[in-house]
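Let's talk through a protein together, one question at a time. Have a look at it first.

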Amino acid sequence: MSLQSLNIVMVEDNEVLRTLTMDYLESRGHRVVGFTTAEEVSTGDRERRTSAHADIYLLDVNLPGEDGLSLARRIRTQQPGAGIIMMTARTTEFDKVQGYEVGADIYLPKPCSLEQLNAAIGALGRRVHGPASEEGATANGPTTLTFSLKTLAVEGPAGVAELTGTEGRLLDAFCQADSGLLSYEALAKLLGRVYSFKDWQVFAVNVTRLRKKLIEVGAPERCLVSVRSVGYQCCIRLTRS
């Protein structure tokens, strides 16, 4: 799946951070427009045209005037298909819950590396645009798999496969995750581990085993993909029975 060029609107009042981030994302092939305040996003002909075609919004929370939470709520109402990433130093559980409640897809704490941000944008971009190729698509649209935690089975167009308890919980977590994206920290908690860098091998083994079974029942090879420095993303539709 190739990286797609996305239209990104960034709202950040720190000029140095905004400029640095925009330059980096543009070097990765994206089209980025930056604003200092939330009010600027909806004023003026240029801004209206830009916002109307935005794929992803990068929003700070602590903005002068209207804050990022209020802006996210407004964007989600006016552009329900757009992706929203919150980037903020407000990182308590309450802050994150607020962010997700107003419509954020991904909540990243500051400081956040540019590589991690780019990975999150790529993951969210796949949800916004769908698969970049026909891989995993059928005459009726993208592949959809059905699974059951009760019977520990997953079913697709090519048949049925049995799941282990861990695989069932993992698939259920992907189903519930925002944009199908599970962080390494979430995976560690799911597997009953304290997250450390060494755990990536454990994650890779579990995800690889699950991916193999999904492919057996008709999912594309890239049904579960690694998102560098973030975690893993499920790129197919999942329903629970």
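The conversation below turns to cysteines and charged pairs.

This is a predicted model, where local features need pLDDT of at least 70, side-chain atom pairs count only at pLDDT 80 or more, and totals for chains, interfaces and linings use all residues. Residues are numbered from 1 along each chain as its sequence is written, and side-chain values use heavy atoms, with hydrogens and water left out.

Student: How many disulfides does the structure hold?

Tutor: A disulfide here is a pair of cysteine sulfur atoms within 2.5 Å. The sulfur of Cys223 has its closest cysteine sulfur in Cys234, 6.9 Å away, so the two are too far apart for a bond. Cys235 also has its closest cysteine sulfur in Cys234, at 6.7 Å, again too far for a bond. The number of disulfides is zero.

Student: Is Cys223 buried or exposed?

Tutor: Buried means under 20% relative accessible area, exposed over 50%, and partly exposed in between, with a 1.4 Å probe and protein chains only. The relative accessible area of Cys223 is 0%, so Cys223 is buried.

Student: Which residue forms a salt bridge with Arg76?

Tutor: A salt bridge needs a side-chain nitrogen of Lys or Arg within 4 Å of a carboxyl oxygen of Asp or Glu. For Arg76, the closest N and O atoms of the pair are 3.0 Å apart, and the partner is Asp105.
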